[in-house]
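Have the sequence and the model open as you read.

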Amino acid sequence: YKPACVLVFSILLSLFAGYDTEINSTLVLSRIIVLYPFYYAGYCTDPKKLVQISKGKIKKIFALIPIGVLIWVAFTFKDLYITRAMFVCQHPYEKLNEYAAFGPLIRLASYAVSTIACICLIIITPNRIGKGFIARFGQYTLPVYCLHYLIIYLVYRTFKITDYVTEDTMMWLIFPLSLLTTLLLSNKWLNILCLKLLDLPKKTRMALPDTAKK
């Protein structure tokens, strides 16, 4: 099928999925459907074109502006926090409360904002792989992706940090907590563990007789 048709269909599917309350965080079904357009777009994108997009110091300077605007909006317009349900991609439209009727439009807007943020981050990413402190941690992103929710659960559910700090204070703690989580999980041994766990199904399939594989 033509990539453009698949991409449009996947976006439409995610818009309709928001109406079904059964499509939620269970088995991360909502995230699989809602984030699929991004994964598919990445699959269809030529890496060489991404490198070309990210070249140029002027581009990198201008790419910082939208990111700065997004940070300013997040801290200034607190009423927008209700749209979090769309950005975490694991809730139906009913989580938007009185704005549920505008769910598809809000989801489309979240797609647009996320796309702009992704492009800007690609542009400001260095074109060469360094050997310093940040580059070393940047090699091990898989454990951060797989295990960060464990840290969130400990902070919010086990230690119940929101019982001790106000909402405004928590807004300022999010960035250092995110950085600490990234540094904690970005290590070689956790990366090896995650790779081993993800490789288990493959090894199991390889061990099956040919008839079983079919």
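A pocket here is an open set of points on a 1 Å grid over the protein atoms alone, with protein on both sides within 12 Å along at least five of seven lines, and lining residues have an atom within 4 Å of a point. A volume is the space filled by probe spheres set on the points, which are joined across faces, edges and corners.

Before going in, note that this is a predicted model, where local features need pLDDT of at least 70, side-chain atom pairs count only at pLDDT 80 or more, and totals for chains, interfaces and linings use all residues. Residues are numbered from 1 along each chain as its sequence is written, and side-chain values use heavy atoms, with hydrogens and water left out.

Let's start with the second largest pocket, which holds about 600 Å³ of space. It has 16 lining residues, and Phe-38, Ala-41, Gly-42, Cys-118 and Ile-122 are the closest to its centre. Helices α1 (3-17), α2, α3 (47-53) and α6 each bring at least two residues to that lining, helices being DSSP runs of H or I with at least four residues, numbered from the N terminus. The biggest share comes from α6, with six. By type, the lining has twelve nonpolar residues, four polar and no charged; nonpolar covers Ala, Val, Leu, Ile, Met, Phe, Trp, Tyr, Cys and Pro, charged covers Asp, Glu, Lys and Arg, and the others, Gly among them, are polar.

Now for the rings. The whole structure has seven aromatic pairs, meaning Phe, Tyr or Trp rings (for Trp, the six-membered one) with centres within 6.5 Å; planes under 30 degrees apart are stacked, over 60 edge-to-face and the rest tilted. Two of them are set out below.

| Pair | Centres apart | Planes | Type |
|---|---|---|---|
| Phe-38 and Tyr-111 | 5.5 Å | 65° | edge-to-face |
| Trp-72 and Phe-77 | 5.5 Å | 90° | edge-to-face |

Phe-38 sits in α2 (residues 29-44) and Tyr-111 in α6 (residues 103-124), so this pair links parts of the chain 73 residues apart. Phe-38 is partly exposed at 27% relative accessibility, while Tyr-111 is buried at 9%; buried means under 20%, exposed over 50% and partly exposed in between (1.4 Å probe, protein chains only). Trp-72 is exposed at 52%, and Phe-77 is partly exposed at 42%.

Last stop: Ser-54, in the loop between α3 and α4 (57-76). Ser-54 is buried, at 5%.

How values were computed:
1 Å grid on protein atoms, 1.4 Å probe; cavity = no way out; pocket = protein on both sides within 12 Å on 5 of 7 lines; lining within 4 Å.
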